[in-house]
Amino acid sequence: MSSTATVVNKEESVWAGGKSPFAVSYGKVMMWLFLVSDAFTFSGLLISYGLVRYSNHAYAGNPEDFAFSQDWWPIPEKVFEAVPFLHGVPAPLVFVGIMTFILILSSVTMVLAVEAGHRMDRKAVQKWLLWTIFWGAVFLGCQAWEWAHFIQGTEEGSIIKAFGGVFHGANLSFNQYGPPPFAALFFFITGFHGTHVLSGVLLNFLIFYNTAVGTYDKRGSYEMVEKVGLYWHFVDLVWVFVFTFFYLI
Amino acid sequence: MELHEDINEVIVQPVDKAKIWQIWKVAIILGIITIIEFVIAFTMPSGGLRISIFIALTLVKAFYIVAEFMHLGHEKKTLIYTIIMPLILVLWLIGALMMEGSAILQVR
């Protein structure tokens with residue numbers, strides 16, 4: 001460029017070019033922007049849940065006398081009260097509570113992997129990534145069990161006029177727990193989150209593989225672990241919101 | 001793995017115990033908040049107050065995950081605002097769709 005245009009003092013503005021204004025790499029900024037867009041997607045889903053729930057009648061009676069009906073929205077803790085190996089023992093929210101702790105734990109092991117990456121400690125990165133993959137897989141297993149139980153339903157089931165008799169469990173048309181959108185939203189929201197966990201586990205495996213073969217040592221930086229770590233924490237973050245808005249409230 | 005010559009040049013830094021403890025401290029806080037949520041779920045009658053407490057505790061958890069685990073709290077202010085500001089739109093959507101929901105209930 002001509003020398004007359006260089007009036008701006010480059011040292012004064014971080015936006016003048018030649019350096020990273022956010023003081024993070026391009027890849028990390030892009031991961032953050034992707035997460036913002038993903039946050040909008042999940043917000044859309046959870047807020048739609050709020051809309052549909054608000055547009056249905058709430059159960060007005062005493063919580064102890066609650067029974068499933070097509071006329072009112074179910075109380076979540078009456079729906080999700082089963083725990084594996086404890087058949088017939090009502091334990092409301094215990095299983096999702098365990099799932100929440102599993103995901104928090106996997107987030108911690110991911111931070112420890114990132115921290116080890118900063119120190120270029122390949123062995124520690126491998127160890128913590130394996131733990132993260134393990135807890136991620138355990139979470140997916142729990143979710144599979146939860147879905148299977150939700151679809152199968154209870155032995156009693158409940159009478160649905162539109163179905164023409166007693167219906168057990170749930171599909172996209174009917175469910176024994178309440179109005180049809182309840183099951184549809186359960187499948188969509190937890191399913192969409194589960195898909196994120198699944199792709200998170202696959203990405204974790206990918207960076208575990210790259211770590212093990214020494215790609216990042218050769219590159220001189222473990223930043224890829226940080227970027228995938230951001231995604232993994234985001235998945236944990238979404239679960240925190242799903243846990244509150246779908247199960248607690 | 002020793003076939004890669006470059007790997008031998010990598011210098012592993014020692015562990016900073018304070019940093020590790022900080023990570024576990026955040027994890028313990030998240031765990032304790034979750035336990036508090038459970039206690040409230042079983043001891044408090046449902047209502048507006050209970051829902052507000054749940055949402056407040058959720059936001060505290062979200063803050064710790066984003067600020068500490070995702071390290072956003074230690075980034076540049078411009079980056080923080082770039083990420084947080086667009087999410088204000090979500091608040092509008094919450095308000096709009098909740099009103100819409102109760103309007104649908106009225107005509108049902």
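Helix α1 of chain B, which covers residues 17-43 of this predicted model, has 27 residues and reaches 39 Å from its first C-alpha to its last, close to the 39 Å expected at 1.5 Å a residue. The buried residues of this helix are A27(B), L30(B) and E37(B). They pack against α3 (94-118) and α7 (223-248) of chain A, and also against α2 (48-69) of chain B.

The neighbouring helix α2(B) can be read in the same way. With 22 residues, α2(B) reaches 31 Å from its first C-alpha to its last, close to the 32 Å expected at 1.5 Å a residue. Its buried residues are K61(B), I65(B), V66(B), E68(B) and F69(B), and what covers them includes α3 and α7 of chain A together with α1 of chain B. After α2(B) comes H71(B), whose phi is positive, near 70°.

Along its principal axes, the C-alpha trace of chain B spans about 75 × 35 × 30 Å, and buried residues make up 8% of the 108 residues in the chain. Chain B is divided into domain 1, residues 1-74, and domain 2, residues 76-108; the centres of these two domains of chain B, taken over C-alpha atoms, are separated by 25 Å.

The next step is to look at where the two chains meet. Here 39 residues of chain A are in contact with 44 residues of chain B. On the side of chain A that touches chain B, at least two residues are supplied by each of α1 (26-54), α3, α6 (215-219) and α7 of chain A, and the largest share, 9 residues, comes from α3(A). By class, this side of chain A has 23 nonpolar, 9 polar and 7 charged residues.

V108(A) is buried, because 22 other C-beta atoms lie within 10 Å, where 20 or more are required. Leaving aside its neighbours within four places in sequence, V108(A) is in contact with I23(B) and A27(B), and A27(B) is itself one of the buried residues of α1(B). Within chain A, the C-alpha atoms of V108(A) and W131(A), which are 23 residues apart along the chain, are separated by 9.8 Å.

In soluble globular proteins, nonpolar side chains tend to be buried together. In this model the largest nonpolar core has 65 residues, and among these A113(A) and V242(A) touch the most other members. At least two residues of this core come from each of α1, α3, α4 (122-152), α5 (180-212) and α7 of chain A, as well as from each of α1 and α2 of chain B. The helix that gives the most to this core is α7(A), with 17 residues. For A113(A), leaving aside its neighbours within four places in sequence, the residues in contact are V125(A), W128(A), L129(A), T132(A), V225(A) and G229(A).

Terms used:
Residues numbered from 1 in each chain as written. Chains lettered and ligands numbered in written order. Predicted model: local features only at pLDDT ≥ 70, side-chain atom pairs only at ≥ 80, totals over all residues. Helix = DSSP H or I, 4+ residues; strand = E, 2+ residues; numbered from the N terminus. Expected span 1.5 Å × (residues − 1). Buried ≥ 20, exposed ≤ 12 C-beta atoms within 10 Å, placed from the backbone. Contact = placed C-beta atoms within 7 Å. Nonpolar A, V, L, I, M, F, W, Y, C, P; charged D, E, K, R; others polar. Core = buried A, V, L, I, M, F, W, Y, C linked by C-beta atoms within 7 Å. Domains from an automatic or database assignment.
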